[in-house]
Amino acid sequence: MSEVIRIKGFTNETLDWKAWLDVVDIEQATPEQIAILEESHPKAKVSDYYLFLAHQPEILRQRSAAFNAIMYAPGGMPRAERELSTAVVSRINGCVYCASVHAQRFEQLAKRTDAIKQVFEEPRTAGTTEREKAIVQFSIALTEQPDQVSKQNIQLLKDVGLTEAEILDLIHSVAIFAWANRLMLNLGEPVFPSA
Amino acid sequence: MTVTSSPPIQADTLDRILGLTPGSLAFETRHQRTKVVDATQSSENLLLDSPIEGLPVSDRLLVALLACALTPSPEFVAEYAQRLKNHGITDAIIDEVSRGTFSLVQDERLKQVLTFTHTLITDPIKADKQALLKLKSSGLSTEHITALAQLIAFVSYQVRVSAGLKALKAFGAQS
(Lines give C-alpha, C1' and ligand atoms only; values in the text may rest on other atoms or scores of the structure.)
Protein backbone atom coordinates (compact mmCIF):
# COMPACT_ATOMS: atom_id res chain seq x y z
CA MET A 1 0.00 0.00 0.00
CA SER A 2 1.67 3.18 -1.19
CA GLU A 3 -0.22 5.76 0.84
CA VAL A 4 -2.93 5.76 3.49
CA ILE A 5 -6.21 7.16 2.23
CA ARG A 6 -8.81 8.41 4.71
CA ILE A 7 -11.76 10.16 3.12
CA LYS A 8 -15.28 10.63 4.55
CA GLY A 9 -14.95 7.71 6.95
CA PHE A 10 -13.58 5.34 4.29
CA THR A 11 -10.00 4.09 4.16
CA ASN A 12 -7.64 1.75 2.31
CA GLU A 13 -6.03 0.68 5.60
CA THR A 14 -6.17 -2.98 6.63
CA LEU A 15 -9.09 -3.32 9.05
CA ASP A 16 -10.15 -6.16 11.27
CA TRP A 17 -13.78 -7.28 11.64
CA LYS A 18 -15.50 -8.54 14.76
CA ALA A 19 -18.70 -10.63 14.83
CA TRP A 20 -21.51 -9.53 17.17
CA LEU A 21 -22.59 -13.10 17.95
CA ASP A 22 -20.67 -16.28 18.74
CA VAL A 23 -18.46 -17.68 15.97
CA VAL A 24 -17.56 -21.33 15.34
CA ASP A 25 -14.70 -22.43 17.60
CA ILE A 26 -12.10 -23.75 15.17
CA GLU A 27 -11.00 -26.34 17.75
CA GLN A 28 -14.55 -27.76 17.78
CA ALA A 29 -15.21 -27.43 14.02
CA THR A 30 -16.33 -30.46 12.02
CA PRO A 31 -14.15 -31.76 9.15
CA GLU A 32 -16.80 -30.40 6.76
CA GLN A 33 -16.58 -26.92 8.30
CA ILE A 34 -12.77 -26.98 8.09
CA ALA A 35 -12.86 -28.06 4.43
CA ILE A 36 -15.33 -25.33 3.50
CA LEU A 37 -13.37 -22.66 5.37
CA GLU A 38 -10.22 -23.71 3.51
CA GLU A 39 -11.89 -23.47 0.12
CA SER A 40 -13.55 -20.13 0.95
CA HIS A 41 -10.53 -17.92 1.69
CA PRO A 42 -6.83 -18.44 2.57
CA LYS A 43 -7.31 -16.79 5.98
CA ALA A 44 -10.84 -18.01 6.71
CA LYS A 45 -9.84 -20.09 9.74
CA VAL A 46 -8.68 -17.00 11.62
CA SER A 47 -11.42 -14.67 10.32
CA ASP A 48 -14.47 -13.90 12.48
CA TYR A 49 -16.49 -13.35 9.31
CA TYR A 50 -15.88 -16.82 7.88
CA LEU A 51 -16.04 -18.48 11.30
CA PHE A 52 -19.47 -16.94 11.77
CA LEU A 53 -20.73 -18.01 8.35
CA ALA A 54 -19.40 -21.53 9.06
CA HIS A 55 -22.46 -21.99 11.32
CA GLN A 56 -24.17 -22.90 8.01
CA PRO A 57 -21.35 -24.60 6.13
CA GLU A 58 -23.19 -25.64 2.94
CA ILE A 59 -24.61 -22.15 2.49
CA LEU A 60 -21.10 -20.72 2.97
CA ARG A 61 -19.75 -23.20 0.38
CA GLN A 62 -22.16 -21.96 -2.31
CA ARG A 63 -21.64 -18.30 -1.36
CA SER A 64 -17.88 -18.73 -1.69
CA ALA A 65 -18.24 -20.59 -4.99
CA ALA A 66 -20.27 -17.67 -6.39
CA PHE A 67 -18.01 -15.01 -4.89
CA ASN A 68 -14.74 -16.56 -6.06
CA ALA A 69 -16.08 -17.29 -9.55
CA ILE A 70 -17.28 -13.71 -9.92
CA MET A 71 -14.24 -11.93 -8.55
CA TYR A 72 -11.36 -14.13 -9.70
CA ALA A 73 -12.40 -15.95 -12.91
CA PRO A 74 -10.08 -15.31 -15.85
CA GLY A 75 -11.25 -13.47 -18.96
CA GLY A 76 -14.11 -11.02 -19.21
CA MET A 77 -13.93 -7.74 -17.37
CA PRO A 78 -10.43 -6.87 -16.09
CA ARG A 79 -10.18 -7.71 -12.40
CA ALA A 80 -9.22 -4.14 -11.48
CA GLU A 81 -12.54 -2.96 -12.91
CA ARG A 82 -14.45 -5.61 -10.96
CA GLU A 83 -12.72 -4.29 -7.83
CA LEU A 84 -13.62 -0.72 -8.77
CA SER A 85 -17.29 -1.63 -9.12
CA THR A 86 -17.32 -3.43 -5.76
CA ALA A 87 -15.65 -0.44 -4.08
CA VAL A 88 -18.41 1.77 -5.50
CA VAL A 89 -21.16 -0.56 -4.26
CA SER A 90 -19.54 -0.76 -0.81
CA ARG A 91 -19.20 3.05 -0.68
CA ILE A 92 -22.88 3.49 -1.64
CA ASN A 93 -24.06 0.88 0.89
CA GLY A 94 -21.79 2.34 3.58
CA CYS A 95 -19.71 -0.81 4.10
CA VAL A 96 -16.40 0.60 5.36
CA TYR A 97 -14.82 -2.83 5.81
CA CYS A 98 -15.59 -4.08 2.27
CA ALA A 99 -14.54 -0.75 0.79
CA SER A 100 -11.13 -0.99 2.50
CA VAL A 101 -10.46 -4.52 1.22
CA HIS A 102 -11.45 -3.74 -2.36
CA ALA A 103 -9.65 -0.39 -2.40
CA GLN A 104 -6.49 -2.36 -1.66
CA ARG A 105 -7.24 -4.96 -4.35
CA PHE A 106 -7.84 -2.22 -6.92
CA GLU A 107 -4.50 -0.66 -6.10
CA GLN A 108 -2.69 -4.02 -6.29
CA LEU A 109 -4.15 -4.69 -9.73
CA ALA A 110 -4.24 -1.18 -11.25
CA LYS A 111 -1.08 0.21 -9.57
CA ARG A 112 -2.86 3.47 -8.77
CA THR A 113 -5.32 4.91 -6.24
CA ASP A 114 -6.83 7.88 -8.10
CA ALA A 115 -10.19 6.29 -8.94
CA ILE A 116 -10.61 4.97 -5.37
CA LYS A 117 -9.99 8.42 -3.88
CA GLN A 118 -12.71 9.75 -6.18
CA VAL A 119 -15.09 6.97 -5.14
CA PHE A 120 -14.53 7.71 -1.45
CA GLU A 121 -14.87 11.48 -2.01
CA GLU A 122 -17.99 11.42 -4.23
CA PRO A 123 -18.97 8.18 -5.96
CA ARG A 124 -21.51 9.85 -8.23
CA THR A 125 -18.84 11.70 -10.22
CA ALA A 126 -16.02 9.15 -9.85
CA GLY A 127 -13.99 7.65 -12.71
CA THR A 128 -10.72 8.73 -14.36
CA THR A 129 -11.84 7.75 -17.88
CA GLU A 130 -15.16 7.58 -19.73
CA ARG A 131 -15.07 3.81 -19.36
CA GLU A 132 -14.54 3.99 -15.60
CA LYS A 133 -17.28 6.59 -15.27
CA ALA A 134 -19.73 4.34 -17.11
CA ILE A 135 -18.80 1.39 -14.88
CA VAL A 136 -19.29 3.54 -11.78
CA GLN A 137 -22.67 4.87 -12.96
CA PHE A 138 -23.94 1.38 -13.77
CA SER A 139 -22.76 0.10 -10.37
CA ILE A 140 -24.71 2.84 -8.60
CA ALA A 141 -27.84 2.30 -10.70
CA LEU A 142 -27.97 -1.47 -10.16
CA THR A 143 -27.31 -1.00 -6.44
CA GLU A 144 -29.86 1.73 -5.78
CA GLN A 145 -32.64 1.14 -8.32
CA PRO A 146 -32.35 -2.30 -9.84
CA ASP A 147 -35.91 -2.12 -11.16
CA GLN A 148 -35.02 0.97 -13.22
CA VAL A 149 -32.06 -0.59 -15.03
CA SER A 150 -32.90 -0.94 -18.73
CA LYS A 151 -31.37 -1.55 -22.14
CA GLN A 152 -30.30 2.12 -22.15
CA ASN A 153 -27.96 1.37 -19.23
CA ILE A 154 -26.49 -1.51 -21.25
CA GLN A 155 -26.10 0.78 -24.28
CA LEU A 156 -24.09 3.28 -22.20
CA LEU A 157 -21.65 0.49 -21.32
CA LYS A 158 -21.45 -0.64 -24.95
CA ASP A 159 -20.75 2.97 -25.98
CA VAL A 160 -17.54 3.00 -23.93
CA GLY A 161 -16.42 -0.35 -25.31
CA LEU A 162 -17.59 -3.02 -22.87
CA THR A 163 -18.37 -6.40 -24.43
CA GLU A 164 -21.40 -8.45 -23.39
CA ALA A 165 -19.11 -10.79 -21.42
CA GLU A 166 -17.68 -7.79 -19.55
CA ILE A 167 -21.16 -6.43 -18.87
CA LEU A 168 -22.17 -9.78 -17.38
CA ASP A 169 -19.12 -9.71 -15.09
CA LEU A 170 -20.05 -6.18 -14.04
CA ILE A 171 -23.65 -7.22 -13.25
CA HIS A 172 -22.33 -10.12 -11.17
CA SER A 173 -19.76 -7.97 -9.34
CA VAL A 174 -22.35 -5.39 -8.36
CA ALA A 175 -24.84 -8.05 -7.31
CA ILE A 176 -22.40 -10.11 -5.23
CA PHE A 177 -21.64 -6.97 -3.21
CA ALA A 178 -25.31 -6.43 -2.48
CA TRP A 179 -24.82 -9.82 -0.80
CA ALA A 180 -21.39 -9.27 0.77
CA ASN A 181 -22.11 -5.79 2.13
CA ARG A 182 -25.28 -6.95 3.86
CA LEU A 183 -23.44 -9.74 5.65
CA MET A 184 -20.57 -7.49 6.74
CA LEU A 185 -22.93 -4.69 7.84
CA ASN A 186 -25.39 -6.77 9.82
CA LEU A 187 -23.31 -9.47 11.47
CA GLY A 188 -20.50 -7.43 13.01
CA GLU A 189 -18.37 -4.34 12.68
CA PRO A 190 -14.98 -3.17 11.44
CA VAL A 191 -12.15 -2.73 13.92
CA PHE A 192 -9.73 0.08 13.15
CA PRO A 193 -6.00 -0.20 13.82
CA SER A 194 -5.14 1.47 17.12
CA ALA A 195 -3.68 4.90 16.51
CA MET B 1 -55.31 -32.86 -28.04
CA THR B 2 -54.82 -31.48 -24.58
CA VAL B 3 -52.68 -28.39 -24.42
CA THR B 4 -51.04 -27.79 -21.11
CA SER B 5 -50.72 -24.15 -20.13
CA SER B 6 -47.75 -24.57 -17.81
CA PRO B 7 -44.30 -24.02 -19.32
CA PRO B 8 -41.75 -26.86 -19.31
CA ILE B 9 -40.03 -27.14 -15.98
CA GLN B 10 -36.57 -25.61 -16.03
CA ALA B 11 -34.19 -26.17 -13.17
CA ASP B 12 -32.73 -22.67 -13.35
CA THR B 13 -35.00 -20.07 -11.75
CA LEU B 14 -33.47 -16.99 -13.41
CA ASP B 15 -33.63 -18.47 -16.91
CA ARG B 16 -37.21 -19.54 -16.31
CA ILE B 17 -38.67 -16.35 -14.88
CA LEU B 18 -36.80 -14.07 -17.29
CA GLY B 19 -37.58 -16.31 -20.26
CA LEU B 20 -33.92 -16.65 -21.25
CA THR B 21 -33.58 -19.25 -23.98
CA PRO B 22 -30.58 -20.87 -25.68
CA GLY B 23 -29.40 -18.84 -28.67
CA SER B 24 -30.37 -15.49 -27.16
CA LEU B 25 -27.69 -12.95 -26.27
CA ALA B 26 -28.54 -12.88 -22.58
CA PHE B 27 -28.67 -16.68 -22.22
CA GLU B 28 -25.45 -17.34 -24.14
CA THR B 29 -23.57 -14.59 -22.31
CA ARG B 30 -24.81 -15.75 -18.92
CA HIS B 31 -23.92 -19.39 -19.48
CA GLN B 32 -20.29 -18.56 -20.20
CA ARG B 33 -19.99 -18.19 -16.42
CA THR B 34 -21.20 -21.69 -15.54
CA LYS B 35 -19.82 -21.68 -12.01
CA VAL B 36 -21.77 -18.53 -11.18
CA VAL B 37 -24.98 -19.93 -12.69
CA ASP B 38 -24.57 -23.14 -10.68
CA ALA B 39 -23.64 -21.51 -7.36
CA THR B 40 -26.55 -19.06 -7.70
CA GLN B 41 -29.09 -21.84 -8.18
CA SER B 42 -27.50 -24.04 -5.50
CA SER B 43 -27.68 -21.14 -3.04
CA GLU B 44 -31.36 -20.61 -3.80
CA ASN B 45 -32.06 -24.33 -3.36
CA LEU B 46 -30.30 -24.38 0.02
CA LEU B 47 -31.84 -21.17 1.33
CA LEU B 48 -35.39 -21.51 0.01
CA ASP B 49 -36.07 -25.20 -0.57
CA SER B 50 -33.86 -27.47 1.56
CA PRO B 51 -34.85 -28.21 5.15
CA ILE B 52 -33.23 -26.00 7.80
CA GLU B 53 -34.08 -27.19 11.30
CA GLY B 54 -36.36 -24.67 13.03
CA LEU B 55 -36.89 -22.46 9.96
CA PRO B 56 -39.86 -23.63 7.87
CA VAL B 57 -39.59 -23.08 4.11
CA SER B 58 -42.78 -20.97 4.20
CA ASP B 59 -41.19 -18.57 6.71
CA ARG B 60 -38.11 -18.28 4.52
CA LEU B 61 -40.24 -17.67 1.41
CA LEU B 62 -42.07 -14.92 3.27
CA VAL B 63 -38.72 -13.27 4.04
CA ALA B 64 -37.75 -13.55 0.36
CA LEU B 65 -41.11 -12.13 -0.74
CA LEU B 66 -40.77 -9.12 1.56
CA ALA B 67 -37.19 -8.49 0.37
CA CYS B 68 -38.31 -8.59 -3.27
CA ALA B 69 -41.33 -6.36 -2.61
CA LEU B 70 -39.13 -3.71 -0.98
CA THR B 71 -36.32 -3.80 -3.58
CA PRO B 72 -38.59 -3.91 -5.73
CA SER B 73 -38.41 -6.88 -8.10
CA PRO B 74 -41.80 -7.63 -9.71
CA GLU B 75 -40.59 -10.88 -11.30
CA PHE B 76 -39.44 -12.32 -8.00
CA VAL B 77 -42.47 -11.05 -6.10
CA ALA B 78 -44.61 -13.10 -8.50
CA GLU B 79 -42.28 -16.11 -8.18
CA TYR B 80 -42.13 -16.22 -4.39
CA ALA B 81 -45.84 -15.35 -4.02
CA GLN B 82 -46.68 -18.39 -6.16
CA ARG B 83 -44.46 -20.66 -4.09
CA LEU B 84 -46.09 -19.37 -0.89
CA LYS B 85 -49.53 -20.20 -2.33
CA ASN B 86 -48.24 -23.73 -2.98
CA HIS B 87 -47.29 -23.88 0.71
CA GLY B 88 -50.83 -22.98 1.73
CA ILE B 89 -50.17 -19.43 2.94
CA THR B 90 -53.32 -17.31 2.69
CA ASP B 91 -53.81 -14.81 -0.12
CA ALA B 92 -54.37 -12.05 2.44
CA ILE B 93 -50.90 -12.47 3.91
CA ILE B 94 -49.21 -12.96 0.52
CA ASP B 95 -50.92 -9.84 -0.87
CA GLU B 96 -49.94 -7.74 2.11
CA VAL B 97 -46.30 -8.82 2.17
CA SER B 98 -46.16 -8.32 -1.62
CA ARG B 99 -46.88 -4.66 -0.86
CA GLY B 100 -44.03 -4.47 1.67
CA THR B 101 -45.89 -4.66 5.01
CA PHE B 102 -46.73 -7.54 7.35
CA SER B 103 -49.32 -6.46 9.93
CA LEU B 104 -51.33 -9.66 9.39
CA VAL B 105 -48.42 -11.88 10.50
CA GLN B 106 -49.28 -13.10 14.00
CA ASP B 107 -46.20 -15.05 15.02
CA GLU B 108 -43.92 -12.86 17.19
CA ARG B 109 -40.70 -14.51 16.08
CA LEU B 110 -41.60 -14.23 12.39
CA LYS B 111 -42.51 -10.57 12.90
CA GLN B 112 -39.06 -9.92 14.35
CA VAL B 113 -37.46 -11.66 11.38
CA LEU B 114 -39.50 -9.58 8.91
CA THR B 115 -38.59 -6.37 10.74
CA PHE B 116 -34.93 -7.36 10.45
CA THR B 117 -35.45 -8.08 6.73
CA HIS B 118 -37.01 -4.67 6.22
CA THR B 119 -34.00 -2.91 7.72
CA LEU B 120 -31.44 -4.94 5.85
CA ILE B 121 -33.08 -4.39 2.46
CA THR B 122 -34.01 -0.73 2.74
CA ASP B 123 -31.17 0.66 4.84
CA PRO B 124 -28.45 -1.96 5.44
CA ILE B 125 -26.23 0.41 7.41
CA LYS B 126 -28.94 0.68 10.09
CA ALA B 127 -28.62 -3.01 10.95
CA ASP B 128 -26.82 -3.19 14.28
CA LYS B 129 -25.90 -5.41 17.17
CA GLN B 130 -29.19 -4.69 18.96
CA ALA B 131 -31.12 -6.06 15.97
CA LEU B 132 -29.22 -9.36 16.21
CA LEU B 133 -29.68 -9.57 19.97
CA LYS B 134 -33.43 -9.02 19.50
CA LEU B 135 -33.53 -11.94 17.09
CA LYS B 136 -31.70 -14.09 19.63
CA SER B 137 -34.12 -13.17 22.40
CA SER B 138 -37.06 -14.02 20.13
CA GLY B 139 -35.82 -17.61 20.23
CA LEU B 140 -33.57 -17.91 17.19
CA SER B 141 -30.19 -19.65 17.47
CA THR B 142 -26.98 -18.31 15.94
CA GLU B 143 -27.34 -21.00 13.26
CA HIS B 144 -30.82 -19.68 12.42
CA ILE B 145 -29.57 -16.10 12.29
CA THR B 146 -26.70 -17.11 10.00
CA ALA B 147 -29.15 -18.76 7.61
CA LEU B 148 -31.53 -15.76 7.66
CA ALA B 149 -28.74 -13.22 7.13
CA GLN B 150 -27.48 -15.28 4.17
CA LEU B 151 -31.02 -15.57 2.81
CA ILE B 152 -31.74 -11.83 2.90
CA ALA B 153 -28.32 -10.99 1.46
CA PHE B 154 -28.69 -13.67 -1.23
CA VAL B 155 -32.05 -12.30 -2.36
CA SER B 156 -30.45 -8.83 -2.65
CA TYR B 157 -27.94 -10.46 -5.01
CA GLN B 158 -30.46 -12.54 -6.95
CA VAL B 159 -32.77 -9.61 -7.77
CA ARG B 160 -29.81 -7.58 -9.06
CA VAL B 161 -28.55 -10.39 -11.27
CA SER B 162 -32.14 -10.65 -12.51
CA ALA B 163 -32.44 -6.89 -13.18
CA GLY B 164 -29.13 -6.86 -15.06
CA LEU B 165 -30.00 -9.90 -17.17
CA LYS B 166 -33.44 -8.49 -17.92
CA ALA B 167 -31.80 -5.32 -19.28
CA LEU B 168 -29.32 -7.42 -21.27
CA LYS B 169 -32.21 -9.43 -22.71
CA ALA B 170 -34.01 -6.24 -23.76
CA PHE B 171 -30.78 -4.94 -25.28
CA GLY B 172 -30.27 -8.21 -27.19
CA ALA B 173 -33.83 -8.13 -28.52
CA GLN B 174 -33.34 -4.76 -30.24
CA SER B 175 -30.04 -5.51 -32.01
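Guide: Domain bounds, to begin there, come from an automatic or database domain assignment, and on that basis chain A is divided into domain 1 (16–72) and domain 2 (76–184). This is a predicted model, in which local features need pLDDT of at least 70 and side-chain atom pairs count only at pLDDT 80 or more, while totals for chains, interfaces and linings use all residues. Residues are numbered from 1 along each chain as its sequence is written, and chains are lettered from A and ligands numbered from 1 in the order in which they are written.

Visitor: What makes residues of domain 1 of chain A count as in contact with residues of domain 2 of chain A?

Guide: Two residues are in contact if their C-beta atoms, placed from the backbone, lie within 7 Å; six residues of domain 1 of chain A are in contact with six of domain 2 of chain A, although the centres of these domains, taken over C-alpha atoms, are separated by 25 Å.

Visitor: Why is Ile94(B) called buried?

Guide: A residue is buried if 20 or more other C-beta atoms lie within 10 Å of its own, exposed if 12 or fewer, and partly exposed in between, with C-beta atoms placed from the backbone; Ile94(B) has 21 C-beta neighbours inside 10 Å and therefore counts as buried. Leaving aside neighbours within four places in sequence, Ile94(B) is in contact with Ala81(B), Leu84(B), Lys85(B) and Ile89(B).

Visitor: How many residues does each chain bring to the contact between chain A and chain B?

Guide: Chain B brings 45 residues and chain A brings 44.
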